[in-house]
Amino acid sequence: MLRFTIRRLLQVIPTLFAVALLIFVIFSVVPGSFASSLMADGRTAADPEMMARLNEQFGLDKPLYVRFADYITGLARFDLGTSFRTREPVLDVINARIWASLELAIAAMVFAIVVGVPLGFIAALRPGSLLDSVTMIGAVSGLSLPQFWLGLLLMYFFALVLGWLPSFGYGGGSWRYLILPAITLGVTPLALLARTTRAGVLEIANEDFIRTARSKGMSEARVVRWHLVRNVMVLVVTTIGLQFGSMMGQAVVIEKLFSWPGIGSLLVDSVSIRDTPVVQGTILVIVVWFLLINTFVDIIYAAIDPRIKQT
Amino acid sequence: MKRFNLNLWLGGALVALVVVGAVFAPLLTSLDPVFDANLMYAEEPPDAQFWFGTDEQGRDVYTRVLYGARISLTVGIVSQIINSVIGLSLGISAAYWGGWWDDLVNGLTNTMLAIPSLIFALAIMAILGPGLPSLLIALGLTNWSWTCRIARSSTLSLKGLGYVQAARTLGYGDIRIMATQLLPNMIGPILVISTLGIGAAVLAEAALSFLGLGIRPPFPSWGSMLTGARELIVIAPWAAVFPGLAIFVTVLGFNLLGDGLRDLLDPHMRSRTA
């Protein structure tokens, strides 16, 4: 088990390196550097001397491979570079924002689990019932809904019309500000969880070992608790993990909509002012988050189901 | 037992509705989505004259939603075609030739899968700047990894079969075998994933335009219409309701159509996950 864990963790490194390289290459082929966008105010031509000084200051005058080598050695020391705008280390800039993102992601996931899993379960135990149909129609809709639109409607209704909740902002961490963005972000994983749970229960309920358990006289409650729930949980935990991993990416638009001070809105803001080191750093953090959660899910999975380790 | 495929028909109907709206937009409205602005009629609620109301510049929201379908469908379909071409050529060739090329394609696919596609598209938009061509490139380059995986695994299971061997014995070249012997045999799953991909691209376009990185105003992208509507949601909520509804209907249509196609083409799945 320990060897498997270590091996899976080591496998993250080459992927991370590839992602870093890909992001670096993409941002290095940019026509027009940060210096030129800083200088271009639309009225005067950029002063070449000034641009050269800016480029030198940020190390942008060195050849590409030297810059990539610098970047990677920096990464190995957890140095993500310096923000073009604030001149602060990128790591500090991200550190100031990531906790709000985590808070939002956890709240959204809790909402999705608490509502989605029981819904999927109940729907599957009564296939074809009204509740089942409504749940499944709701799940397909939830997967097709533009989340930011839902957020906008929730904001309109609960904040502006009813006045129950604040419409946007962080409010110094008050839970009242968390509710609307968390529900908005949680809708997609909720829909997916309801669907996965229902499909899982239906599939496993038809397996031979369930019939065996019933025919040997096991009570229905015990069949559900011992065989059904345990087997479905493997599937549900995987879905939760994958959704949690991709949540930071999905949160970008929601954070922007609700002016939530997380790394998603940091990314969008940095994109629009071309603060490349912060953009690169933020994307890298989102990818690290995704890879680590996935690895973690794999390890849990292997712990539950010993057959995985062979493959 | 042959069961009525609700997903297929409902999804098909919704997609058809959007396509008709996009193609026949000039016949379905007499107004112009960009230039027919009249501040005399700003922020009018929906009525007989303006079915979906008007926005802050007095433009007809119904007209803008209709023309917005053109942008959404163009972005969705064209970017998905780019994705399919990339995914198919990489996936089939990787499995067929194997060796270092397979390793390279696999590495690239895994790397792409590690970056959330919206984030990757955002990064490309940041570099290329807003606009339709950038959107097509950004969304066309970010969502091919699943197509590639499917193409690769189909090729792996097909390439050892007798008829492929026979084609080789007959002296067919590699490219010809890939195009005429392997590709036609994976059309089903590719069609399913591509239909779902169009929905995802429509959603991504709306999100990017909403963030101000996609289609810029005054052009009627559903996403950028929502950006404008956000500012005046208290006065004119209809300007926010209808563009969002249009995105929802379009994406739902493609998702249902994709699910329906899967039920149709892969009878295994039919009884299990409806």
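Begin by selecting chain B, whose secondary structure amounts to 13 helices and zero strands, where helices are DSSP runs of H or I with at least four residues and strands are runs of E with at least two, numbered from the N terminus. The model is a predicted one, in which local features need pLDDT of at least 70 and side-chain atom pairs count only at pLDDT 80 or more, while totals for chains, interfaces and linings use all residues. Residues are numbered from 1 along each chain as its sequence is written, and chains are lettered from A and ligands numbered from 1 in the order in which they are written.

With chain B still selected, turn the view along its principal axes, where the C-alpha trace spans about 75 × 50 × 30 Å. Of the 274 residues of chain B, 49% count as buried, a term that asks for 20 or more other C-beta atoms within 10 Å of the residue's own, with exposed meaning 12 or fewer and partly exposed the range in between, all C-beta atoms being placed from the backbone. Among the contacts in chain B with a separation of 6 or more, 69% join residues 24 or more positions apart; a contact requires that the two C-beta atoms, placed from the backbone, lie within 7 Å.

Next, select helix 3 (residues 61-97) and helix 7 (residues 145-158) of chain B, whose axes come within 7 Å and cross at roughly 35 degrees. Here the axes are lines fitted to C-alpha atoms, for helices over the stretch in contact, and angles run from 0 to 180 degrees between N-to-C directions. The residues of this contact divide into ten nonpolar, six polar and two charged, with Ala, Val, Leu, Ile, Met, Phe, Trp, Tyr, Cys and Pro counted as nonpolar, Asp, Glu, Lys and Arg as charged, and the others, Gly among them, as polar.

Within helix 3 of chain B, pick out B:Ala95, which counts as buried because 24 C-beta neighbours lie inside 10 Å. Leaving aside residues up to four places away in sequence, B:Ala95 touches B:Asp102, B:Arg152, B:Thr155, B:Leu156 and B:Lys159.

Now show both chains: 36 residues of chain A are in contact with 35 residues of chain B. On the side of chain A that touches chain B, helix 1 of chain A gives the most, with seven residues, and the residues of that side divide into 29 nonpolar, five polar and two charged.

Move on to helix 7 (residues 147-161) of chain A, whose 15 residues should span 21 Å at 1.5 Å a residue, in agreement with the 20 Å between its end C-alpha atoms; the expected span is 1.5 Å times one less than the number of residues. Its buried residues include A:Phe148, A:Trp149 and A:Met155, and the buried residues of helix 7 of chain A pack against helix 8 (175-205) and helix 10 (220-257) of chain A together with helix 10 (187-210), helix 11 (222-231) and helix 12 (238-265) of chain B. After helix 7 of chain A comes A:Gly163, with a positive phi near 70 degrees.

Finish with two loop residues of chain A. A:Arg87, in the loop between helix 4 (64-76) and helix 5 of chain A, has a positive phi near 60 degrees although a residue other than glycine, and A:Arg87 is exposed, with 9 other C-beta atoms within 10 Å. A:Ser259, in the loop between helix 10 and helix 11 of chain A, has a positive phi near 50 degrees and is partly exposed, with 13 other C-beta atoms within 10 Å.
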